[in-house]
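Student: Could we go through this model together? I'd like to know what stands behind each label.

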Amino acid sequence: MKTESREQLQSWLRDTLPQQTPTNPRYWFPLTLPTYGVDEISEAIECMVDFQTSMGQRTRQFEQAFANYVGAADAVMVNSGSSADLLLAYQLINPLNPRLQPGDEVLVPVVTWPTQVWSVAMAGLKVQLVDVDPTTLNVDLDDLRRRIGPRTKCFFAVHLMGNPCAMDAVRKLCNEYGLLLIEDCCEALGAQHDGQHVGTFGLGGSYSFFFSHHMTTMEGGMVTCVDQHHADQLRVLRAHGWSRGLQNQATGAAEIDSRYLFVNWGFNLRPTELQAAFGLHQLAKLDAMNARRRQLAARFEDYVAQRPALATPSVPAAGTSSPFALPVMLSGDLAHRRGELTDYLEQQGIETRPVVAGNLARQPAAAILGDLDPTAYRGADEIHQRGFYLGLNPAFDDVLFGRMLDTLDAAIDHVSSTTHVRTAA
Ligand SMILES: Cc1ncc(COP(=O)(O)O)c(C=O)c1O
């Protein structure tokens with residue numbers, strides 16, 4: 001696109017886009033708000049105007065910038081965080097370099113976004129769900145150790161709500177039992193343990209750029225990896241099993257046209273160039289957006305510290321969280337009154353959610369995983385019954401945030417002053 005046209009486009013976007021962050025019509029304190037603007041939109045339009053919409057140079061540039069940001073050897077962009085999880089799982093059983101055999105077990109925390117779990121099951125591996133610690137929302141290390149059996153080969157960690165797992169202990173345990181480590185960082189971009197970004201502790205990490213996440217490409221995801229060889233394997237799995245775009249060019253039999261050289265099986269999980277255009281601009285804004293998230297989350301923690309019936313997750317000593325949302329655990333008089341509290345908040349215009357799927361073993365789809373005893377996950381049940389979260393977004397201003405805290409106080413007063421009718425569990 002000509003410089004002059006770009007300037008005209010950007011000027012038109014500046015006039016056309018709302019001056020203030022658009023609000024959500026239903027909630028004045030929503031889960032999320034848009035964080036993109038003129039830069040992202042104009043570059044995405046530029047991709048279309050230049051007829052460069054399918055994965056290309058911008059995607060590669062974004063992959064490299066992202067890998068640099070988190071300190072990984074390389075990164076491979078995909079069309080969602082779920083696709084990133086799928087690639088991590090399929091990389092374990094890559095037919096050309098299988099690390100695991102069908103039926104080998106992978107440990108996955110029972111409180112997570114379900115596609116982390118499905119990706120393992122879809123790859124023909126056995127999911128062994130592990131309980132979580134309700135005080136951190138992350139894996140319960142004792143239960144992790146307990147569930148390791150002769151066929152356990154891998155731990156697929158998740159850093160929930162931006163809270164990093166205690167990676168020193170996780171790594172020690174994986175080394176002790178010879179387990180591979182992969183990480184779901186879809187809710188934790190920017191979180192670190194001992195100064196090291198999550199997603200760089202094992203074979204690879206997955207990230208999501210869905211609208212509400214730390215940065216957005218509308219839909220999108222990324223996988224980090226340990227070396228170029230690994231990155232190339234992921235690129236082949238990402239796109240049809242095709243050799244196109246590999247850093248180390250594959251060679252085939254002489255009679256095969258190298259433009260259509262297929263070297264493995266694969267999916268089509270490619271992002272568009274428009275998503276990468278978004279990603280480049282969002283990555284440049286990430287530190288500022290995360291700093292604002294941290295500031296608001298710290299204010300929330302101060303508030304919660306004064307209210308004995310509320311708790312926020314504790315962060316490991318060497319950890320730095322990258323708050324994704326504002327998770328809360330209820331206790332004392334409010335322990336069994338989550339529904340009443342969140343109903344009140346919703347009626348008042350504050351959006352709420354449970355802590356993702358809660359105890360996943362209680363979800364109908366868990367039947368896919370075989371015979372599971374949902375009562376075997378006591379920590380997860382605590383979160384299932386007593387946990388919820390509120391939104392967090394860098395565009396929330398201090399006044400809006402203060403109003404949310406006042407309304408939360410009103411909700412607590414309202415619930416505390418009404419009689420609790422105990423319903424059957
Ligand atoms: C922990 C976790 N893993 C995976 C995903 C999947 O990401 P996506 O929505 O981009 O597919 C999410 C989505 O929110 C998530 O929270």
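Predicted model: local features only at pLDDT ≥ 70, side-chain atom pairs only at ≥ 80, totals over all residues.

Student: What makes a space a cavity, and what makes it a pocket?
Tutor: On a 1 Å grid over the protein atoms alone, a cavity is a set of points where a 1.4 Å probe fits but cannot get out, while a pocket is an open set with protein on both sides within 12 Å along at least five of seven lines. Lining residues have an atom within 4 Å of a point, and a volume is the space filled by probe spheres set on points joined across faces, edges and corners. The count here is 1 cavity of 30 Å³ or more, and the largest cavity holds about 160 Å³. It is lined by 15 residues, with E301, P313, P323, A325 and P327 closest to its centre. Two elements, α9 (273–305) and β12 (326–330), each give two or more residues to that lining; α9 gives the most, with 3.

Student: Which residues lie nearest the centre of the largest pocket?
Tutor: They are W113, F210, S212, H213 and F324, out of 28 lining residues. The largest pocket has a volume of about 580 Å³, and its lining divides into 12 nonpolar, 11 polar and 5 charged residues. Helix α4 (residues 81–92) gives the most, with 3 residues.

Student: Why are α4 and α8 called roughly perpendicular?
Tutor: Axes are lines fitted to C-alpha atoms, for helices over the stretch in contact, and angles run from 0 to 180 degrees between N-to-C directions. Under 35 degrees counts as roughly parallel, over 145 as roughly antiparallel, 65 to 115 as roughly perpendicular, and the rest as oblique. α4 and α8 (residues 228–238) pack at about 110°, with axes 10 Å apart, so they are roughly perpendicular to each other.

Student: Why are α10 and α12 oblique instead?
Tutor: The axes of α10 (residues 338–347) and α12 (residues 398–416) cross at roughly 135° and come within 9 Å. That angle falls in the remaining range, so the pair is oblique. Contact means heavy atoms within 4.5 Å, and by that rule E340, L341, Y344 and L345 in α10 meet residues of α12 including L408, I412 and V415. By class, this contact has 8 nonpolar, 2 polar and 1 charged residues.

Student: And what makes α9 roughly parallel to α12?
Tutor: Their packing angle is about 30°, with the axes 12 Å apart. That value puts α9 roughly parallel to α12. The contact joins R292, L296, R299, F300 and Y303 of α9 to α12 residues, among them D398, F401 and L408.

Definitions and conventions: Residues numbered from 1 in each chain as written. Heavy atoms only, no water. Helix = DSSP H or I, 4+ residues; strand = E, 2+ residues; numbered from the N terminus. Nonpolar A, V, L, I, M, F, W, Y, C, P; charged D, E, K, R; others polar.
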